[in-house]
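Please open the structure in your viewer and keep the sequence panel beside it. The tour below goes from one selection to the next and says what is found at each stop.

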Number of protein chains: 4
Amino acid sequence: MANSKYAYVRNFELPDPLLPGTFILFRLDGHSFHRFADKHKFTKPNDVRALELMDHAAKDVVEEYPDIVLAFGESDEFSFLLRKSTTLYNRRQSKIVSTLTSLFTSCYVFHWPKYFPDTPLQYPPSFDGRIVLYPTEKHVRDYFAWRQADTHINNLYNTTFWALVQQGGQTTTEAHAALRGTLSKEKHEILFSRFDINYNDIDARYRKGSVLFREEIPEDPQGGTNPSSGHKSIVIEKRPSKTEEKTESSVTNEAQGEALPTEGATQNQKTKKAKEKRKQQQPSRIAIQHYDIIKDEFWDTRPDILAD
Amino acid sequence: MANSKYAYVRNFELPDPLLPGTFILFRLDGHSFHRFADKHKFTKPNDVRALELMDHAAKDVVEEYPDIVLAFGESDEFSFLLRKSTTLYNRRQSKIVSTLTSLFTSCYVFHWPKYFPDTPLQYPPSFDGRIVLYPTEKHVRDYFAWRQADTHINNLYNTTFWALVQQGGQTTTEAHAALRGTLSKEKHEILFSRFDINYNDIDARYRKGSVLFREEIPEDPQGGTNPSSGHKSIVIEKRPSKTEEKTESSVTNEAQGEALPTEGATQNQKTKKAKEKRKQQQPSRIAIQHYDIIKDEFWDTRPDILAD
Amino acid sequence: MANSKYAYVRNFELPDPLLPGTFILFRLDGHSFHRFADKHKFTKPNDVRALELMDHAAKDVVEEYPDIVLAFGESDEFSFLLRKSTTLYNRRQSKIVSTLTSLFTSCYVFHWPKYFPDTPLQYPPSFDGRIVLYPTEKHVRDYFAWRQADTHINNLYNTTFWALVQQGGQTTTEAHAALRGTLSKEKHEILFSRFDINYNDIDARYRKGSVLFREEIPEDPQGGTNPSSGHKSIVIEKRPSKTEEKTESSVTNEAQGEALPTEGATQNQKTKKAKEKRKQQQPSRIAIQHYDIIKDEFWDTRPDILAD
Amino acid sequence: MANSKYAYVRNFELPDPLLPGTFILFRLDGHSFHRFADKHKFTKPNDVRALELMDHAAKDVVEEYPDIVLAFGESDEFSFLLRKSTTLYNRRQSKIVSTLTSLFTSCYVFHWPKYFPDTPLQYPPSFDGRIVLYPTEKHVRDYFAWRQADTHINNLYNTTFWALVQQGGQTTTEAHAALRGTLSKEKHEILFSRFDINYNDIDARYRKGSVLFREEIPEDPQGGTNPSSGHKSIVIEKRPSKTEEKTESSVTNEAQGEALPTEGATQNQKTKKAKEKRKQQQPSRIAIQHYDIIKDEFWDTRPDILAD
């Protein structure tokens, strides 16, 4: 057969499994997003449409991959935590990195018009992704604390910087110079004394970033789930019992099921069983919150996130 | 500083440089595209709109990354060859895999409406990508021969299969059974005797896949480049001398320039110089052809592709 | 300079750091030791000289590398656990694997005449080594349990097998056939009823393998350390306070000090300080025991082994 | 079975195959050999006994592994080139690195008394090893040129330095100061004018290092091979036709044969066949020479070294 004499080139595909028993942290970042933000006239210091679009894309990814137990986003980056026992794509590094980056990107472009109805996308944006392994829960908590501390530092800086420029009439050069070497406290003071802004009153979304996680849908005493009953979360319901709904959500679940056979039958069946089991559990939805994830409370009240 | 006590988590990011001096072959595949094709009613056995959309996305990627010297696509997969001396992203594997997969995906979704004006995208499609290193020119040629032989085998099968179903009135099960174990010759015979199809008359696009490569734009005696003068290639011109055009093409070049500073200044400057140099060379455009790339001729007449 | 035009070949040396924060388990195995044992007429089923030689080589390795906190040996294999925070050789995989394998091999050949005074070494034996990373204490405990369970299974089989051959007059083929499919209990029964051997009375060294770990030298009320006072361990004292002794032990510490500068000055100084600190602590010695390391007791009474 | 509940820890052993189709370069270096040389009173600037011992150990390694086609040594380092098609140990990196380092170390300690009959080994020396992959013949040649250029530079420096100290009565500090910044030419001049040493008359072993390679044993017209007839090489014959000789050489071949079954039967059989075939070829021996391997001649007259 014509093919066989060339098929040896497959031997150059080397295995790249990730160490088992470790948390897989996947982070993606916008590629040249300074320029992208300029081209699409993103509001400074924060553009709520762009942030909500990021959240939506992230939510789609979390929904598609049940082994993602937590996600955190700020600016043009998003981090996703896969449970440490995940066998997604047999833990093949390139497969996971490329597929998750691709799906996020696709969702971002796909949902763009919903968030920017009057701003057509001028060119296709892209993201890069990477995987980092963390051996213990402490590492994972410190990772997310690192990102949320970063959110805080950047946002305080940017908020003060753009106040100086937009309301204070400074040039960007002057504003940078004014802020060089200032402490947090001093930036708070500038905001408050000069612009009457109490930093802590600013939208938690900007100060804390976005935290996505699954939460069980509380039983509705009237006999149904009632995600909206006084619950503040922006949630996307997912009712696994209603099959064959032509929604994007049910659709993407099937898609993943189809992809799995390439991974080897045994793995596939195990994964399917695990998925089955999860489906029979309490229905859950994905919450998008702007909680503090540096302090203990978030984690203490959601032990499932790091558990296995 | 709040950040510093957590910043140690960065130490878990391990380097992943690809071996220098080897050809980098990047291949991406559609994720669950059987289902995607069904949902969007792709024509069987080949949907020219879907194939042209793939080509367009691939072309954008080739245009954005001057170190891609060849690309080959069939069905829902595309392969890209980076020159062996490339220092793109310091040859970091995850960075290259994720960025190229992301850009391709983004272009695919972005250009969808041009190719499917009457078929709205129902959900965000995704792709997975991988890198394989090949040490020598022979390996590279054999890799592309492997893919094109695969194109041939698949297309002959699919063409015959769908002829039996669509024109022969067989069920898909019957058609599969009819083709089990048949040789190429026998499939040709079925097509010809039963459906009056001469396989070799079928569009080369389907039989050979798509081959993308740079070619110099011949000097126009009237003082300009003239890409359309009797040249059969579907080409996208790229005039590097006209700066500040608000085209996607010039735009994406800047984008790449912006991304580079994270790679370290020295590398950046070197890369910039190399890019500068290429820009001063003969203007080139990206040709999309359906040539035979198994035989020598394609390679013999384009020695630049494998040269360094 | 003549050298510079070739020095680019160094760029092909790729980094290979091991994930931080994980236990590094290094295991080595004799290469073709069936043949080696035959050539040197090792006693069957166990040759105490060969096992003590393995222990001695392992002890030398543990002594040389303070970050090795536990070692376990059986037959011609030995496992070494490095503390999870170790920065030995900047956690470079090839450097650690090759150096530890080399030192063990060297010690094995070097000490051979002490254990085989009447059997000259006929050819140079070799070992192969590998590193496995384990994220948590549980994995480490299960690893050592796996090896010790293996020791038990192999030794019970071999003991019964060689009893059948040496005392029972069976051929090796007959003995293999007799044991095929037998349970542990049945092997115990064969040993007891036919050869009057109570398996549990056999030397713990054969049944449990060798466990090497550091233990503090208890203060001697008479003003010195007294390692032999009623203590059963076979210990090799190491008195860090007596510098400049021309012993192998002091020597090897210096040797390691010399090697470190290549790792970069900062790392080096940190490592030196850590070493200094350890030296000022309670003097310790390396115990060689044949304890059960599957049950909790060993670990519960020595929390330092897995602590960091 | 007791073992099975722990056996999952094997899943943490990750594959580490080296890219096929590339030259595998394995280099080892003495660990803390400054100190080792001092302790054993090596002659300065070169100790011929130590160099010959290195050569002997390297020769044993080359003999044991037929896929090693070239080796080069200087001072306390040795480089080994494996043919690019080698499937030794399925190209597993740790296995190759550790086994070759171990065998070399073992041979070094084993043969020590032959070269240092009056200087007992005071402690076990060790080596570290690493693998570097090179895609093309040019890289390989440049690698060896790099090492031999290094030999020249180091030896010229050391020869001049020790002449200043040993014959010129300078302290080592004075000698270092005297040589700081000097060019090759100036060192030659110092040697010649002050110490009457013509550098080019110095033993080629010191100036060029040691080159090991296989060469065919010329047919002896009298009916036997005659390696000593006017041939300058220091050679170790290997007569593959005389089986069952109880020599180290035949022995080590068997040893390798035994090790292979762990690699999977198919591989094993292929390797065995390849070995068989090589055995039937012209008998060869390993030459140890001090040739120039920077210039073309060495390579042009021995095309087999880089061929596959």
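A salt bridge, as the term is used here, is a side-chain nitrogen of Lys or Arg within 4 Å of a carboxyl oxygen of Asp or Glu. This is a predicted model, in which local features need pLDDT of at least 70 and side-chain atom pairs count only at pLDDT 80 or more, while totals for chains, interfaces and linings use all residues. Residues are numbered from 1 along each chain as its sequence is written, chains are lettered from A and ligands numbered from 1 in the order in which they are written, and side-chain values use heavy atoms, with hydrogens and water left out.

**First stop: chains A and B**

Select chain A and chain B together, and display the residues that face each other. Counting as contact any heavy atoms within 4.5 Å, 64 residues of chain A are in contact with 64 residues of chain B. The area buried between chain A and chain B is about 5400 Å², and carbon and sulfur atoms give 61% of it; buried area is the accessible area (1.4 Å probe) that two parts lose on being put together, summed over both.

The rule finds 6 salt bridges across the interface of chain A and chain B. To look at a salt bridge between B:E13 and A:R27, show these two side chains, which meet at 3.2 Å, N to O. Side chains of opposite charge can pair when their charged atoms come close. Across the interface of chain A and chain B there are also 20 residue pairs in polar contact, with both residues at pLDDT 80 or more. A polar contact is a pair of N or O atoms within 3.5 Å; within protein, one must be able to donate a hydrogen and the other to accept it, and residues adjacent in sequence count only if both atoms are side-chain atoms.

The largest share, 14 residues, is supplied by α3(A). By class, the side of chain A that touches chain B has 31 nonpolar, 16 polar and 17 charged residues, where Ala, Val, Leu, Ile, Met, Phe, Trp, Tyr, Cys and Pro count as nonpolar, Asp, Glu, Lys and Arg as charged, and the others, Gly among them, as polar.

The same surface serves both copies, since 100% of the contact residues of chain A recur in chain B.

**Second stop: chains B and D**

Chain B and chain D bury about 540 Å² between them, 74% of it on carbon and sulfur atoms. The count of salt bridges between chain B and chain D is 0, and the rule finds 0 residue pairs in polar contact across their interface (both at pLDDT 80 or more).

Which residues does UniProt list for "binding site" in a pair, under an unreviewed entry? The record gives A:D29 and A:D76, in the numbering used here, with feature names shortened and annotations that may be inferred rather than shown by experiment. Although spread over 48 residues of sequence, they cluster in space, with a largest C-alpha distance of 5.7 Å.

A:D29 lies in strand β1 (residues 23-30) of chain A; leaving aside neighbours within four places in sequence, A:D29 is in contact with A:D76, A:E77, A:S126, A:F127 and A:D128. A:D76 is in the loop between β2 (68-74) and β3 (77-82) of chain A, and, not counting residues up to four places away in sequence, A:D76 touches A:L28, A:D29, A:G30, A:F33, A:M54 and A:F127. Of these, A:F33 lies in helix α1 of chain A.

**Last stop: a salt bridge within chain A**

Finally, select A:R205 and A:D55, whose side chains meet in a salt bridge (2.6 Å, N to O). The pair links distant parts of the chain, with A:R205 in helix α7 (residues 204-208) and A:D55 in helix α2 (residues 48-64) of chain A, 150 residues apart.

How values were computed. Helix = DSSP H or I, 4+ residues; strand = E, 2+ residues; numbered from the N terminus.
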